[in-house]
Amino acid sequence: MGFIIGTIIALGCIMGGFAGMGGHMAVIWQPMEFIIIGGSALGTFIVANSMTTIKDTGRAIMEGVKGAGPLERDYLDVLGVLYSLMRELRGKGRNEVEEHVDNPEESSIFKSFPRVLLDKELTHFICDYCRLIIIGNARTHEIEALMDEEIQTVTRDKLKPYHGLVNVSDSLPALGIVAAVLGVIHAMGALDQSPELLGHLIGAALVGTFAGIFMSYGLLGPLANKIKVLREKRCRLYIIVKQTLLAFMNGAMPQIALEHGRKTISAHDRPSIDTVENETVSGGSQSAQAA
C-alpha cells in the first residue's frame, strides 16, 4: 500500500508541477518511447537472469507492492513450532519425534501452525536440524556453521530478484537516452516540416530521457529496495530458528531457548515476552498434548 501511495504522490507532484508551469500533458504521452525503454529493459533482464529468478522476481514485485512482510503472528508461530518440537525432543522417544519431522504435512504440531507449514523452505529447514538433533552425534559448533552456510545460501537466493531489478534500474537512464536518440533521429528526418511539427518531435524524443530517469529513480529503484527489506525480514525467521535450536542443544530449557530466538527479532516487530509466553508456550503445550 505504501508503494502505491508513494508512487501516486511522486507522479502527482511531477505531472502537477509540469502542468503548473504551463506544460501540455499530451506531450508526455509518448507510447513508443515507453515501449522502447520498457521493452529493452525487460529483454536485458531476461537475458541476464535464469527462468527461476524471473519467476521469483514476479512474486517479489507483488510482495513489494503489497508490502507483504512477516507479521507478529508469523514470529509467534515459528516460536510455537519450535517450542512444541523441543518439548517433544525432551520428553518423548526418537520414533515419536521423527514422525513430526519426517512428514510435517501430517504432523499435529505443524498443523497447529499453518503459517509455518505454508513456507515449505522454512519447514524443511526446521525439520532438517531437528533431525540432526535427534541423531545426537553432531556438535553444536558444527551445526551452527552448517546453519550459517545454509542461511547465507537462502539469503542469496531470496535477494536475486533485488539484484536483478537494481541492475535494470541502473540501466534505465541509459535506455532512456537510447530512446531519446532514436527520437532525435526521427526528428532529423522531418527537418523540412513546419517548426511546430519539428518541435513536437523533439519534445517527444526528450520524453524518453525523462521516462528512463523517472522509471529508474522513481519506480524501480525504490521497489527493489522495498523487496530487499521484505526479503531480509523473511530470512530473519531462519535466524530465529537457528538461535533457538542452538540454545536448546546447549542445554537451555525450551522456554529459555525461545527467548534466545525472540531476541533476534527487530525491536520494532518483536513480540513481548508475555505475548510469547501466553500465545506460544501455551499453544505449544496444547500441540504437544494433542500429539
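### Helix packing and the spaces beside it

A: H3 and H12 pack at an angle of about 40°, and their axes, which are lines fitted to C-alpha atoms over the stretch in contact, lie 9 Å apart. That makes H3 oblique to H12, a word for angles that are not under 35 degrees (roughly parallel), over 145 (roughly antiparallel) or 65 to 115 (roughly perpendicular), on a scale of 0 to 180 degrees between N-to-C directions. The crossing of H3 past H12 is right-handed, that is, the near helix is turned clockwise from the far one by less than a right angle. From H3, the contact (heavy atoms within 4.5 Å) is made by Glu 33, Phe 34 and Ile 37, while H12 contributes Ala 204, Ala 205, Val 207, Gly 208, Ala 211, Gly 212 and Met 215. By class, this contact of H3 with H12 has 7 nonpolar, 2 polar and 1 charged residues, where Ala, Val, Leu, Ile, Met, Phe, Trp, Tyr, Cys and Pro are nonpolar, Asp, Glu, Lys and Arg charged, and the others, including Gly, polar.

The model is predicted, with local features needing pLDDT of at least 70 and side-chain atom pairs pLDDT 80 or more, although totals for chains, interfaces and linings use all residues. Residues are numbered from 1 along each chain, and side-chain values use heavy atoms, without hydrogens and water.

Met 215 of H12, a residue of that contact, also lines the second largest pocket, which has a volume of about 250 Å³. Helix H3 (31-48), helix H11 (160-188) and H12 each give two or more residues to this lining. Besides Met 215, the lining includes Phe 3, Gly 38, Phe 45, Leu 165, Val 168 and Leu 223, and its residues divide into 11 nonpolar, 1 polar and no charged.

Leu 165 leads on to another packing, for this residue of H11, together with Lys 160 and Pro 161, meets Thr 53, Asp 56, Thr 57, Ala 60 and Ile 61 in H4. H4 and H11 pack at an angle of about 90°, with their axes 9 Å apart, and that makes H4 roughly perpendicular to H11. The residues of the contact of H4 with H11 divide into 4 nonpolar, 2 polar and 2 charged.

Asp 56 of H4, part of that contact, is also one of the residues that lie nearest the centre of the largest pocket, along with Glu 63, Glu 121, Lys 158 and Arg 231. This largest pocket has a volume of about 650 Å³ and is lined by 20 residues, of which 4 are nonpolar, 3 polar and 13 charged. Helix H4 (51-66), helix H8 (114-118), helix H9 (120-135), helix H10 (140-158) and helix H12 (195-249) each supply at least two residues of its lining, and H4 gives the most, with 5 residues.

A pocket here is an open set of points on a 1 Å grid over the protein atoms alone, with protein on both sides within 12 Å along at least five of seven lines, and lining residues have an atom within 4 Å of a point. Points are joined across faces, edges and corners, and the volume is the space filled by probe spheres (1.4 Å probe) set on them. Helices are DSSP runs (H or I) of at least four residues, numbered from the N terminus.
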